[in-house]
Amino acid sequence: LDGANHTPRSIRNFINIIASYNDLFYKALQIAPDRMRFCKKMDAYLVERMNQKKPKTFAEIEDIWYERYREGRGHHYHSSLHSFFHGHHTVELRGFNSTLHAGKVRAYIVLALALNHQALTQKSASYRKVQEENERFAMRTYLNRIGFIGEEFKNCREYLYQHLSGNAAWRYGSRENVRSHIRNGGNNNANE
């Protein structure tokens, strides 16, 4: 993704967005085990440091980004921001399997562009993990939030829901489960 419009705030937003949805994205995208060397989840230490220091310059972000790596700043396969600091000023998202399936490729591209747009336009982003008791619902609400609404994005949503469990329409599974949840005072287990 082109990094030309990114600011220190938007890079921190990007890191926090990815961190908060990491597990959900990895399950939805079904990252192949042999790709995990290059498609690593967001480093919890990095996320914590970014949010402790709240860097105001790219130099501060770069210092935080590389501080735990022996390879240093010159190591190409270090991570997705290496190309931002020492390459073409781009942000790499390495969370996709290779495929020639046009629908999946489109879903991956649209998701990457939407994540980038969210990072650029949102004032701030939380790094806290999202609720995942109903993965499909969590993904649906997130995709709605970033603009995957309507018939135009139907196929993208289908590919991103495909490997997730739960019910996309109801947070607690079904209309009857919602009624039960309300009757139990918001507690899924009536015996508690």
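# Helix packing and the nonpolar core

Leaving aside neighbours within four places in sequence, Phe-148 is in contact with Val-110, Leu-111, Ala-114, Leu-143, Phe-153, Cys-156, Arg-157 and Leu-160. The model is predicted.

**The nonpolar core**

- The largest nonpolar core holds 48 residues.
- Leu-143 and Phe-148 touch the most other members of this core.
- Seven named helices each supply at least two of its residues: H1, H2, H3 (58-66), H4 (82-86), H5, H6 (135-145) and H7.
- H1 gives the largest share of the core, with 12 residues.
- Leu-143 is also one of the contacts of Phe-148.

**Helices H5 and H7**

- Two packed helices are described by the angle between their axes and the distance between the axes.
- H5 spans residues 102-121, and H7 spans residues 154-161.
- Their axes come within 9 Å and cross at roughly 95 degrees.
- Angles of 65 to 115 degrees count as roughly perpendicular, so H5 and H7 are roughly perpendicular to each other.
- On the H5 side, the meeting residues are Gly-103, Lys-104, Arg-106, Ala-107, Val-110 and Leu-111.
- On the H7 side, they are Cys-156, Tyr-159 and Leu-160.
- By class, this contact has 6 nonpolar, 1 polar and 2 charged residues.

**Helices H1 and H2**

- H1 covers residues 8-29, and H2 covers residues 44-53.
- The axes of H1 and H2 come within 10 Å.
- They cross at roughly 135 degrees.
- The crossing of H1 and H2 is left-handed.
- H1 brings Arg-12, Ile-15, Asn-16 and Ala-19 to the contact, where they meet Val-47, Met-50 and Asn-51 of H2.
- Sorted by class, the contact of H1 with H2 has 4 nonpolar, 2 polar and 1 charged residues.

**Ala-59 in helix H3**

- Ala-59 lies in helix H3.
- Is Ala-59 buried, exposed or partly exposed? Its relative accessibility is 48%, so Ala-59 counts as partly exposed.
- The cut-offs behind this are under 20% for buried and over 50% for exposed.
- Ala-59 and Phe-85 are 26 residues apart in sequence.
- In space, Ala-59 and Phe-85 are 9.0 Å apart, C-alpha to C-alpha.

Note on methods
Residues are numbered from 1 along each chain as its sequence is written. This is a predicted model: local features need pLDDT of at least 70, side-chain atom pairs count only at pLDDT 80 or more; totals for chains, interfaces and linings use all residues. Side-chain values use heavy atoms; hydrogens and water are left out. Axes are lines fitted to C-alpha atoms, for helices over the stretch in contact, and angles run from 0 to 180 degrees between N-to-C directions. Helices (H or I, at least four residues) and strands (E, at least two) are DSSP runs, numbered from the N terminus. A crossing is left-handed if the near helix is turned anticlockwise from the far one by less than a right angle, and right-handed if clockwise. Contact means heavy atoms within 4.5 Å. Ala, Val, Leu, Ile, Met, Phe, Trp, Tyr, Cys and Pro count as nonpolar, Asp, Glu, Lys and Arg as charged, and the others, Gly among them, as polar. Angles under 35 degrees count as roughly parallel, over 145 as roughly antiparallel, 65 to 115 as roughly perpendicular and the rest as oblique. A nonpolar core is a set of buried Ala, Val, Leu, Ile, Met, Phe, Trp, Tyr and Cys residues joined through side-chain atoms within 4.5 Å. Buried means under 20% relative accessible area, exposed over 50%, partly exposed in between (1.4 Å probe, protein chains only).
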